[in-house]
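Reader: I'm new to this structure and would like a close look at one part of it. Could you walk me through the sheet and the charged pairs around it, in plain words?

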Amino acid sequence: MFTSFFKTLGVGARTTTLAAPMAGHVIPLSEVEDQMFAKGLLGQGVAMVPTGDRVVAPSDGKIEAIFPTGHAVAVHTVEGLDVLIHVGLETVKLDGRHFKVNAAVGDIVKRGDVLIEFDREAISKEGYDLTVPILICNSAEFASIKGNVGEDVEELGQLLVARSR
């Protein structure tokens with residue numbers, strides 16, 4: 001009888017913390033220049049302005065998709081998050097230049113494993129926006145997703161918290 005009441009209060013809700021897959025400054029998705037990301041059409045989350053040159057696994061999990069161009073990777077975490085990390089905007093047009101892919105679809109990864117390396121300076125020199133949307137593609141399964149917006153986060157520092165329904 002009280003189960004739904006307690007759920008509305010968040011009693012018994014499970015929280016999952018996602019680590020940052022890179023070092024950088026956290027910004028809201030709404031500030032991303034690509035409306036597909038800004039409007040949350042692919043999922044809720046945050047974006048980062050990277051200060052490093054690599055993407056690491058934010059959690060133990062499995063690689064569900066990784067583009068040969070190196071611009072994006074999807075990881076299903078052991079905590080149940082479907083995470084999409086998209087390095088830069090329109091960077092698919094670089095056709096893999098300035099990216100090195102270190103993982104493959106189906107790989108089981110550990111938190112901190114290097115998935116992608118990229119050359120920030122070279123990508124910027126070619127005129128691309130290096131903003132990195134980090135999305136929870138199954139965000140509808142969670143009551144809330146809150147990121148550390150406005151903070152500078154180290155690689156594997158706390159990036160966001162998802163609260164179960």
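Author: Let's begin with Arg-97 and Glu-126, whose side chains meet in a salt bridge at 2.8 Å, N to O. (A salt bridge here is a side-chain nitrogen of Lys or Arg within 4 Å of a carboxyl oxygen of Asp or Glu.) This pair links distant parts of the chain, 29 residues apart: Arg-97 sits in the loop between strand 7 (82–86) and strand 8, and Glu-126 in the loop between helix 3 and strand 11 (132–136). Helices (H or I, at least four residues) and strands (E, at least two) are DSSP runs, numbered from the N terminus. Arg-97 counts as partly exposed, at 40% relative accessibility, and Glu-126 counts as partly exposed too, at 35%. For those words, buried means under 20% relative accessible area, exposed means over 50%, and partly exposed is in between, using a 1.4 Å probe and protein chains only.

A quick word on what you're looking at. This is a predicted model, where local features need pLDDT of at least 70, side-chain atom pairs count only at pLDDT 80 or more, and totals for chains, interfaces and linings use all residues. Residues are numbered from 1 along each chain as its sequence is written, and side-chain values use heavy atoms, with hydrogens and water left out.

Back to the charges: the structure holds 6 salt bridges. Another one of them joins the side chains of Asp-53 and Arg-120, at 3.0 Å from N to O. Asp-53 lies in the loop between strand 3 (44–50) and strand 4, while Arg-120 is in helix 3 (residues 120–125), so this pair ties together parts that are 67 residues apart in sequence. Asp-53 is partly exposed, with 39% relative accessibility, and Arg-120 is partly exposed at 28%.

Lys-125 and Glu-121 meet through their side chains at 3.3 Å, N to O, and both lie in helix 3, 4 residues apart, or about one turn of the helix. Lys-125 counts as exposed at 67% relative accessibility, and Glu-121 is exposed as well, with a relative accessible area of 53%.

Three of the strands form an open sheet in the order 4-10-8, with antiparallel pairing. Strand 4 and strand 8 are at the edges with a single partner strand each, so one side of each has no neighbour in the sheet. From one strand to the next, the twist averages 15 degrees; axes are lines fitted to C-alpha atoms, for helices over the stretch in contact, and angles run from 0 to 180 degrees between N-to-C directions.

What does each pairing look like up close? Two strands pair if DSSP finds at least two bridges between them. Strand 4 (residues 54–56) and strand 10 (residues 114–118) run antiparallel and share 3 bridges. Arg-54 stands opposite Glu-117 in strand 10, and Val-56 has Val-114 of strand 10 as its bridge partner. With strand 8 (residues 99–101), strand 10 again pairs in the antiparallel sense, over 3 bridges. There, Phe-99 stands opposite Phe-118 of strand 10.

Finally, step back to the whole chain. The protein chain has 3 helices and 14 strands. Its C-alpha atoms fill a box of roughly 60 × 30 × 25 Å, taken along the principal axes, and 45% of its 165 residues count as buried.
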